Amino acid sequence: MNNALRITASAAALAATFGTAYGVGRSVDPLVAAEDRPAQQHGGHGGGEEGGAKPAADHAPGGLQISVGGYTLDLATPTVRAGARTEIRFAVKDDSGRKVTAYQREHGKELHFILASTDLTQYRHLHPVRAADGTWSTPVDLPEAGGYRVFADFTPAAAGAGNLTLGADLAVSGAYRPAALPAPGTTAEVDGYRVALGGELRAGRSGQLKLSVSRNGRPVTDLQPYLGAYGHLVALRSGDLAYLHVHPNEGGPGPEVSFTATAPSAGTYRLFLDFKHEGKVRTAAFTVRVAEPGNDDGGHREGGAGAPAGHAH
């Protein structure tokens with residue numbers, strides 16, 4: 001694209017045409033809960049397959065709808081400007097239109113707020129602050145213009161409510177140039193750390209992903225707890241940015257961190273691993289291509305693990 005596109009509040013849909021172009025951003029999460037401890041008996045948001053059986057519906061992708069199960073994500077800040085520090089405000093409303101003020105804590109937080117550009121050059125895992133009236137807010141500074149998707153991952157405290165992920169569009173105004181999908185690979189480099197991806201993400205079937213962290217050629221064996229585990233993984237599907245629940249398994253402080261996940265369909269997925277070491281959270285990203293169910297060697301032709309592709313940042 002030789003000429004930059006001007007993105008305005010009404011142009012978020014235009015950015016979706018570039019939804020298959022991917023890159024990697026860095027997570028911004030200055031707040032880490034004091035109660036964060038390694039998860040020993042439970043899985044990811046809403047529970048893991050190793051810590052307790054979950055129904056198949058748990059594996060349905062989230063974030064594609066703004067309203068699910070009587071709850072709606074009300075994004076009060078649908079437009080921000082690139083390069084300007086802005087406060088994003090939103091609320092979760094129930095079927096009566098009232099703001100939800102009571103949540104179950106998952107991984108030390110009442111709500112996880114994920115933000116990603118449609119080309120995935122930008123990624124943020126944020127933990128906003130909730131006011132007494134149920135309004136959430138968080139500061140954000142996005143350097144690149146374009147269409148974005150925000151995800152609210154939470155479990156209401158209401159009886160019978162399960163874990164939900166609601167999504168909404170965010171437009172960031174400014175000059176927009178989409179990025180290209182990183183080339184296939186099985187490693188990612190971030191701040192001098194090398195993360196290797198193994199295992200397999202499969203369509204319609206549970207699979208295990210294994211990520212090993214090293215630095216200067218030596219395994220990192222003293223990872224620190226982050227969000228109740230030694231790593232946190234988010235998966236987004238190419239094109240529609242469907243959000244997948246990825247469950248951390250039991251394990252020690254490195255060098256390997258494992259996760260259990262099920263892809264809802266064949267296609268291309270972007271994986272973002274947050275890990276904490278020496279007091280700082282870093283993010284490694286991979287692109288994974290998942291074969292059609294029954295095509296066991298489809299993903300392996302691209303290098304195993306459903307064709308992961310790392311990207312240095």
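**Stop by stop**

Start by selecting Asp133, which counts as partly exposed because its relative accessibility is 44% (buried means under 20% relative accessible area, exposed over 50%, partly exposed in between, with a 1.4 Å probe and protein chains only). Before moving on, know that this is a predicted model, where local features need pLDDT of at least 70, side-chain atom pairs count only at pLDDT 80 or more, and totals for chains, interfaces and linings use all residues. Residues are numbered from 1 along each chain as its sequence is written, and side-chain values use heavy atoms, with hydrogens and water left out.

Lys99 sits in the loop between S5 and S6, and Asp133 in the loop between strands S8 (129-130) and S9 (135-140), so the pair ties together parts 34 residues apart in sequence. Strands here are DSSP E runs of at least two residues, and helices H or I runs of at least four, numbered from the N terminus. Lys99 is partly exposed too, at 35% relative accessible area.

Next, pick Asp94 and Arg98, whose side chains form another salt bridge (3.6 Å, N to O). Which of the two is buried? Asp94 is, at 19% relative accessibility, while Arg98 counts as exposed at 54%.

Jump to Glu278 and Arg215, a salt bridge with its closest N and O atoms 2.9 Å apart. Glu278 lies in the loop between strands S20 (267-277) and S21 (280-290), Arg215 is in strand S14 (residues 207-215), and 63 residues separate them. The count of salt bridges comes to 11.

Time for some rings: the chain has 8 aromatic pairs (rings of Phe, Tyr and Trp, using the six-membered ring of Trp, with centres within 6.5 Å; planes under 30 degrees apart are stacked, over 60 edge-to-face, the rest tilted). Select Phe90 and Phe113, a stacked pair at 4.5 Å centre to centre with 10° between the planes. Phe90 belongs to strand S5 (residues 86-93) and Phe113 to strand S6 (residues 111-117); both are buried.

Finally, zoom out: the chain has 1 helix and 22 strands, and 51% of its 313 residues are buried.

Note on methods
A salt bridge is a side-chain nitrogen of Lys or Arg within 4 Å of a carboxyl oxygen of Asp or Glu.
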